[in-house]
Structure formats: C-alpha cells, structure tokens
Amino acid sequence: MRKPFKAAATTLTALALAAFGTTSLATGAEAQPAPAAAHFGAKPLHPAAATDQLAASTNNTLKVGSAATQGVVSPTPKVYLVFWGSQWSSDPAGVATDMQNMFKGLYGSQDTWGTILSQYCEGVAKGTATCGTQGIHVQHPTSSPLAGVWFDNSAAEPASATAAQIAAEAGKAAAHFGNTTQAPNLNAQYVVVSPTGTHPDGFPNSGFCAWHDKTSSAYGTLAYTNLPYIPDNGAGACTTFTDGRLLSGIESTETHEYAETVTDFWPSIGWNGGGGEIGDECVNLDAYVTLSTGTFDLQGLWSNSANKCVTHG
C-alpha cells in the first residue's frame, strides 16, 4: 500500500526567480514502479493489485495530523488550472477542454463523489478520526470549484521542468489570478498542467502519474499540483480501466490529487492513514461518474465513515 512521501523543500527563492450519478467500477493488477519524486500523493503510473485497499481496515483510517485551523483542509476548494507553456497550441488528446469540463461539473447534487470529502475537517485535536459536528468541515461546492483558467503561453515550458520550476509556475499563477495574500490562498490549489511531449520532474520515468505539494511564496504558502500530460503514455496509464479511453488516466489522476489537496492541504498536517492520503488508499478503484458536464473517470477515495474505499458519499 502506498505511503505518503516526505515533501521536498521548495524555497521562496525559486518563486522570486519567477517574478512573481452513474457509476461503473474497475480494478487493475499491473506492477507498481517505485517513484523517485519526494512529494505527496504521488499516484503510481500502474497501480498494483491490492484488494485489501477496497476493504475495511483499521490501518486505513485517516487521522488528522494537526489541530491547526489553517492548512489542514481546504474548507471551500477553489481550483486554478494553469496550462503551462506555448506548447499548448497542440493538445492532441483534448486535455485542456476535458479538465475544465470535469471541474465545471464537480458540484451540487449530481456530484455524489465530492460529498465523500465533507466528513473531513480542521480545527480538531491531532489524531481525530471522526469530526462529527466539530471543527471546520470541507464544504461540498454548490457551484463549480473551477475558479480560474490560465494558458501561460509567454514562453515554452522546459522539456524537463524541475520541481522548483513547477512551484515557481504556481507562484506566477497566484500573481496572475490576483491571489497575492495568504487569505485567498487558504483554499486555492494551483494545478500546473504540462503540455504534450514534456517530462515534468522526470515523468514518466520517475514512476508517478502526478503529485501535489506546498511551497512558500511572497503570497503565503501555496498548494499546487504537478500534472503531466498523461495521455502521452497511452490509454490505461494511471487508471484501472482497460477500455482504451485516452482521457481516463488524467481524470483519475487529477481527482486523486484534488481530493488529497482538499484533505491534506499543506502536507502532511492533514488527513493520513496507514496507506497514505485519501487517494493513496484507493488507487485500485476507478469509477465512471456522470456529471452535468459529461462522464469522467473519478478515482475512489477512502471514507472513514464507510470504513472503505468508495466512489460516492
């Protein structure tokens, strides 16, 4: 079972240089390579067979890592999609449109997947496993959590961007969207999506589909995700579905990272268990879920209240 990875230090200097439903299920059984990246929620490129992830286990129970009232969870999630680099003039798999449509539909009564997150909270004692009515809970969005989209085509993304460069791009995005103090960045997550043909932080040879982390900046601590162009690896990468649909892997991966950012906003003071974060626990469970904007591959998440991996709250 996947363990959370110790976060690599990403410095302020790096940012300063940047100028500031219907459900069907599938499980997979391919060998899991060991990723080299030292970040959180690094979804493996090919999940290993681990049926115990789908069943109840006290080892899987998520517990809060801090009594803090900031940075543990994201109570009102806001997603900023950052399509980095002039290379986005080419998008053969249609990733940019797909990611926007997915987040445009992740809210309201039709999104029963997102309701899984509402049981988790911040502002409760360290070690808490059940929030009940205490603390500040994650709120299920009543409108799209997609708060902004930016095609940063000012220059080409490096062919093999480093983790520091990805963090710096998140800092540029915070400035672009006007989130220049800590307050708006207590709920903002910056998803840095790389274009086709690039290899951010060693993808895919590092063995991960994506990862999320935090970084210091002139605008406070930022939560961000490194999301490579997963369709470059073909259908079946980063998903347990084997139906040949090219976009399934990136949808599954981004919902994995989105949920982990919401519930472990500044890793790793949020919710973790024996198998890692909320998505790490359930990499063997994918579901096609129909939202108002289409049908998407959403990865299963660990639910303390259900005591198993689930695809709906």
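Colleague: How many salt bridges does the structure hold?

Modeller: Keep in mind that this is a predicted model. One of its salt bridges pairs Glu-251 with Arg-245, the closest N and O atoms being 2.8 Å apart. In total, the structure holds three salt bridges.

Colleague: Where does Glu-169 lie?

Modeller: Glu-169 and Lys-172 are three residues apart, about one turn of the helix. Both of them lie in helix 3.

Colleague: In what order do the six strands of the open sheet come?

Modeller: The pairing in this sheet is mixed. Its edge strands, each pairing on one side only, are strand 2 (40–44) and strand 7 (146–152). The twist averages 15° from one strand to the next. Read across, the order is 2-9-10-8-4-7.

Colleague: What is the bridge partner of Lys-43 in strand 9?

Modeller: Strand 2 and strand 9 run antiparallel and are joined by three bridges. In one of the pairs, Pro-44 has Phe-208 as its partner in strand 9. For Lys-43, the partner is Ala-210.

Colleague: How many of the five residues of strand 2 are buried?

Modeller: Helix 4 (residues 248–263) packs on the sheet, and strand 2 is among the strands it touches. Strand 2 is largely enclosed by the rest of the structure, because the number of its residues that are buried is five of the five.

Colleague: What is the nearest side chain of opposite charge to Asp-213?

Modeller: Asp-213 sits in strand 9 (residues 208–215). Its side chain makes a polar contact with the side chain of His-39, at 2.4 Å. Asp-213 is buried yet has no salt bridge. The nearest side chain of opposite charge is 6.6 Å away, whereas a salt bridge needs the atoms within 4 Å; that side chain belongs to Lys-214.

Colleague: And which backbone nitrogen does the side chain of Glu-122 reach?

Modeller: Glu-122, in strand 5 (residues 121–122), is likewise buried without a salt bridge. Lys-214, its nearest side chain of opposite charge, is 12 Å away. At 3.1 Å, the side chain of Glu-122 reaches the backbone nitrogen of Val-73.

Colleague: How many of the 11 residues of helix 2 are buried?

Modeller: The buried residues of helix 2 include Val-95, Asp-98 and Met-99. Those three are also among the residues that Ile-250 touches. Helix 2 (residues 95–105) is largely enclosed by the rest of the structure, because its buried residues number eight.

Colleague: One last thing: what separation do the C-alpha atoms of Ile-250 and Ala-210 have?

Modeller: Ile-250 lies in helix 4, and at 0% relative accessibility it counts as buried. Ile-250 and Ala-210 are 40 residues apart along the chain. Their C-alpha atoms are separated by 9.0 Å.

Conventions:
Residues numbered from 1 in each chain as written. Predicted model: local features only at pLDDT ≥ 70, side-chain atom pairs only at ≥ 80, totals over all residues. Heavy atoms only, no water. Helix = DSSP H or I, 4+ residues; strand = E, 2+ residues; numbered from the N terminus. Buried < 20%, exposed > 50% of the residue type's maximum accessible area, 1.4 Å probe, protein only. Lys, Arg positive; Asp, Glu negative; His and termini not counted. Polar contact = N/O pair within 3.5 Å; in protein donor to acceptor, adjacent residues only side chain to side chain. Pairing = 2+ DSSP bridges. Axes fitted to C-alpha atoms, helices over the stretch in contact; angles between N-to-C directions. Contact = heavy atoms within 4.5 Å. Lists of a residue's contacts leave out its neighbours within four places in sequence.
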